[in-house]
Amino acid sequence: MRARLLPLLAARHGRPDLAQLLWPDGAAPSPVVVGEVPEGAPRRVEAFGRTVAVFRHQGALYAVDDTCPHRGGPLGRGEVTGGAVQCPLHAWSFDLATGVCREHPSVAVARYRVAEAGGVVRLLGPAEGAG
Ligand code: FES
């Protein structure tokens, strides 16, 4: 799968060096199929040794660690408003684009690269700089 996907990504972005830039150690994770992610219906999937919450918000896809760093609340069951998901346990909110907690900016959740083709969403791996 990866052998077929990487050339497609590189060609699509006009970047033959893309795979090397994304995974300089050559250990690219295999993409994980999520399936459909409708607006307002996040998915929680096991990927890369973690539970990952995948959201579609205002048409854009986002993926973050499902486990809230406060006390482990399931972010994939939280409400999304204004570009952030609110933890259902104690209401900390996390910016979907950056992973940073809005109430406690020194805290963040890991983010993941996500792509969609033919209506199928896939997780591609941890985002660069993701905590
Ligand atoms: S467990 Fe998420 S805010 Fe407390």
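The model is predicted: local features need pLDDT of at least 70, side-chain atom pairs count only at pLDDT 80 or more, and totals for chains, interfaces and linings use all residues. Residue numbers start from 1 along each chain, following the sequence as written.

**Overall fold**

The chain holds two helices and nine strands. Helices (H or I, at least four residues) and strands (E, at least two) are DSSP runs, numbered from the N terminus. Along the sequence the pattern reads α-α-β-β-β-β-β-β-β-β-β. The chain has 131 residues, and 28% of them are buried. Buried means that 20 or more other C-beta atoms lie within 10 Å of the residue's own; exposed means 12 or fewer; partly exposed is in between; C-beta atoms are placed from the backbone. Of the contacts between residues at least 6 apart in sequence, 35% join residues at least 24 apart. A contact requires C-beta atoms, placed from the backbone, within 7 Å.

Most residues other than glycine have a negative phi. Which residues have a positive phi although they are not glycine? Phe-48 is one, at about 55°. Gln-58 is another, at about 50°. Phe-48 sits in the loop between strand S2 (43–47) and strand S3 (50–57). Gln-58 sits in the loop between S3 and strand S4 (60–65).

| Residue | Phi | Other C-beta atoms within 10 Å | Class |
|---|---|---|---|
| Phe-48 | about 55° | 17 atoms | partly exposed |
| Gln-58 | about 50° | 9 atoms | exposed |

**Cys-101**

Cys-101 lies in the loop between strand S7 (93–95) and strand S8 (112–117). Not counting residues up to four places away in sequence, Cys-101 touches Trp-92, Phe-94, Val-107 and Ala-108. Val-85 is 16 residues from Cys-101 in sequence, and their C-alpha atoms are 9.5 Å apart.

S8 pairs with strand S9 (residues 120–126) in the antiparallel sense. Six bridges join S8 and S9; pairing requires at least two bridges found by DSSP. Ala-117 has Val-120 in S9 as its bridge partner. Two residues lie between the strands of this hairpin. There, Gly-118 takes a positive phi near 60°.

Conventions
Two residues are in contact if their C-beta atoms, placed from the backbone, lie within 7 Å.
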